[in-house]
Amino acid sequence: MKKRTMLSTAGAVGAISLTASYFLKDKSNREKLKQGVRKVPGKLGMRSNDETFEDAGAPDQSGDKDLAEFENAKMVSEGSQFGVQYYNEHKNNNEIENQQK
């Protein structure tokens, strides 16, 4: 019985991989797949790293208010500048790198 299940599974995996390789052979199909994969986090309500980083620079001005954003805004209002300094340093480093390219 186990042998039969293993052979069925191997056959299914082989068929799927063959179909996928045939489908992804065409460049336009690969691009469609990439675009579809990039849209998934937005549909699931997830945020990109760029959005999170931009919100770190001005925590009280972000549109998405979750608990972490409130805590960060509270620390900044109490005088903490760690998040703002971190944001400014990385923003400046990125600008310098882009100018050098």
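Let us start with a term: pLDDT is the predictor's confidence in each residue, on a scale from 0 to 100. The model here is predicted, so local features need a pLDDT of at least 70 and side-chain atom pairs count only at pLDDT 80 or more, while totals for chains, interfaces and linings use all residues. Residues are numbered from 1 along each chain as its sequence is written, and side-chain values use heavy atoms, with hydrogens and water left out.

The protein chain has an average pLDDT of 76, and 71% of its residues score at least 70. Confidence is highest in helix α1 (residues 2-23), at a mean of 87, and lowest in helix α3 (residues 49-57), at 59. Where pLDDT is low, the predicted coordinates should not be read in detail.

Now for the overall layout. The protein chain contains five helices and zero strands; helices (H or I, at least four residues) and strands (E, at least two) are DSSP runs, numbered from the N terminus. Along the sequence, the pattern reads α-α-α-α-α. Of the 101 residues, 11% count as buried, where buried means under 20% relative accessible area, exposed over 50%, and partly exposed in between (1.4 Å probe, protein chains only).

With a relative accessible area of 15%, N29 is buried. Leaving aside neighbours within four places in sequence, N29 is in contact (heavy atoms within 4.5 Å) with F23 and L24. A polar atom of the N29 side chain lies 2.9 Å from the backbone oxygen of F23.

The structure also holds one salt bridge, meaning a side-chain nitrogen of Lys or Arg within 4 Å of a carboxyl oxygen of Asp or Glu. Side chains of opposite charge can pair when their charged atoms come close. The partners here are E31 and K34, at 3.8 Å from N to O. These two residues are three apart in helix α2, so about one helical turn separates E31 from K34. E31 is partly exposed at 31% relative accessibility, and K34 is partly exposed at 43%.

Finally, follow the chain to helix α5 (residues 82-100). Its 19 residues should span 27 Å at 1.5 Å a residue, which agrees with the 27 Å between its end C-alpha atoms; the expected span is 1.5 Å times one less than the number of residues. The buried residues of α5 are G83, V84 and Y87. They cover an arc of only 95° around the axis, so they lie on the same side of α5; the arc is that of the directions from the helix axis to the C-beta atoms. On the face turned away from this buried side, α5 carries the exposed residues F82 and Q100.

How values were computed: A polar contact is a pair of N or O atoms within 3.5 Å; within protein, one must be able to donate a hydrogen and the other to accept it, and residues adjacent in sequence count only if both atoms are side-chain atoms.
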